[in-house]
Amino acid sequence: MLTEKLPRIQLAHLPTPLEPLPRLSTALGGVEVWIKRDDQTGLAGGGNKTRKLEFLIAAAKAAHADTVITGGAPQSNHCRQTAAAAAKTGLRAVLVLGGTPETATGNILLDTLLGAEIVWAGNRPRDTVMAETVAAQKAAGHTPYLIPYGGSNFIGAAAYVAAVDELAQQLAERQLPPFDRIVFASSSGGTHAGLAVGVAALELPTQVLGISIDKPEVELSGEIVGALATETAQQLGLPHRFNRENIFANDGYMGLGYGVMGDGEREAIALFARTEAILLDPVYTGRAAAGLIDLIRQGKIAPGERILFWHTGGLPALFAPQYAAKLAEKNHQ
Ligand SMILES: *Cc1c(COP(=O)(O)O)cnc(C)c1O
């Protein structure tokens, strides 16, 4: 194991299933698509943050924290999984969500059920409110541990290095060849960085291609994922270094911005549901799948390629009214 030196607690149901998607592959014409089911990591709805939290909660415990603080968008899957991880391990969770108080639907409802305290940032910068929240928790006598947005520091990214170990073992057990590409949703960059480090460390001949959710490629590949992958490799004692030359991201599918579901996402959600009964989310995996479908249609992913679509979760957001209403409308046609 590449990550055996880091403290870790068990939260996820691992290994997540690795499955072929034959009906989707046929619908897309000649590309062989497989899926890695990190939507099934099992912790109160699952998703990619559960893997990261195995390492992040272990770090919080090692720091003798009694409270974890993190932040995100109102429908943040990361915040919901952090609330779940805290509930299961006996920690308090305080979530700093952007914007003004919203009705408790989707992930917000789950945050509440899981017992997290929510601090709404209003129109103030979330970073400022996070810092204030840390200070307020300390003043109230708690020992808070701050988990960054998306759990994306080297501790969280290490979980996706371990996930590549897991994938390599599944391939070996089933005598399957490595994939040509791994395609997935990339936003705060921890998943992307970890996958890139893991693939490099195991010398897999696989391109790690992040579909950017909300950042220009220059920024995502270089400053964010390149820097984080390099730091993660250094912390794990690996010699690999990363930058825009060896980190691959595509920023062609950001549409009208973060959290705005467009026709591409709607088509991808419907196609995955109707061919494979795979449920994608409107913000991340729907967008990544829309990118994958378009790259195949354009021939940029060629017939004969073997692709692994890494599902990162996000299902509860489907039930937030702004998305549910639009998806229902489309499906009545
Ligand atoms: C957070 C999240 C991502 C992005 O992962 P990062 O490590 O932040 O880049 C992708 N999909 C879903 C469903 C997420 O919640």
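The legends below describe close-up views of a predicted model. Local features are reported at pLDDT of at least 70 and side-chain atom pairs at pLDDT 80 or more, while totals for chains, interfaces and linings use all residues. Residues are numbered from 1 along each chain as its sequence is written, and side-chain values use heavy atoms, without hydrogens or water.

**View A. Packing of helices α2 and α3.** Helix α2 (residues 48–62) packs against helix α3 (residues 77–89) at about 50 degrees, their axes being 10 Å apart. Helices are DSSP runs of H or I with at least four residues, and strands are runs of E with at least two, numbered from the N terminus. Axes are lines fitted to C-alpha atoms, for helices over the stretch in contact, and angles run from 0 to 180 degrees between N-to-C directions. The two helices, α2 and α3, are therefore oblique to each other; angles under 35 degrees count as roughly parallel, over 145 as roughly antiparallel, 65 to 115 as roughly perpendicular, and the rest as oblique. From α2, Asn-48, Lys-49, Thr-50, Leu-53, Ile-57 and Lys-61 meet His-78, Gln-81, Thr-82, Ala-85 and Thr-89 of α3.

**View B. The largest nonpolar core.** This core has 42 residues, and Leu-53, Ile-57, Val-68, Tyr-145, Ile-155, Val-197 and Phe-242 have the most contacts inside it. A nonpolar core is a set of buried Ala, Val, Leu, Ile, Met, Phe, Trp, Tyr and Cys residues joined through side-chain atoms within 4.5 Å. Buried means under 20% relative accessible area, exposed over 50%, and partly exposed in between (1.4 Å probe, protein chains only). Beyond four places in sequence, the contacts of Val-68 (heavy atoms within 4.5 Å) include Ile-57, Ala-60, Tyr-145 and Ile-147.

**View C. Surroundings of Arg-51.** Arg-51 lies in helix α2 and, at 3% relative accessibility, counts as buried. Not counting residues up to four places away in sequence, Arg-51 touches residues including Lys-36, Asp-38, Glu-166 and Trp-310. Leu-14 is also among the residues that Arg-51 touches.

**View D. Backbone features.** Most residues other than glycine have a negative phi, and most peptide bonds are trans. The peptide bond from Leu-14 to Pro-15 is cis, with omega near -5 degrees; Pro-15 belongs to the segment before β1 (18–20). Ala-44, in the loop between β2 (32–37) and α2, has a positive phi of about 45 degrees and is partly exposed, at 37% relative accessible area. Glu-203, in the loop between α7 and β8 (207–212), has a phi near 55 degrees and is exposed at 70% relative accessibility.
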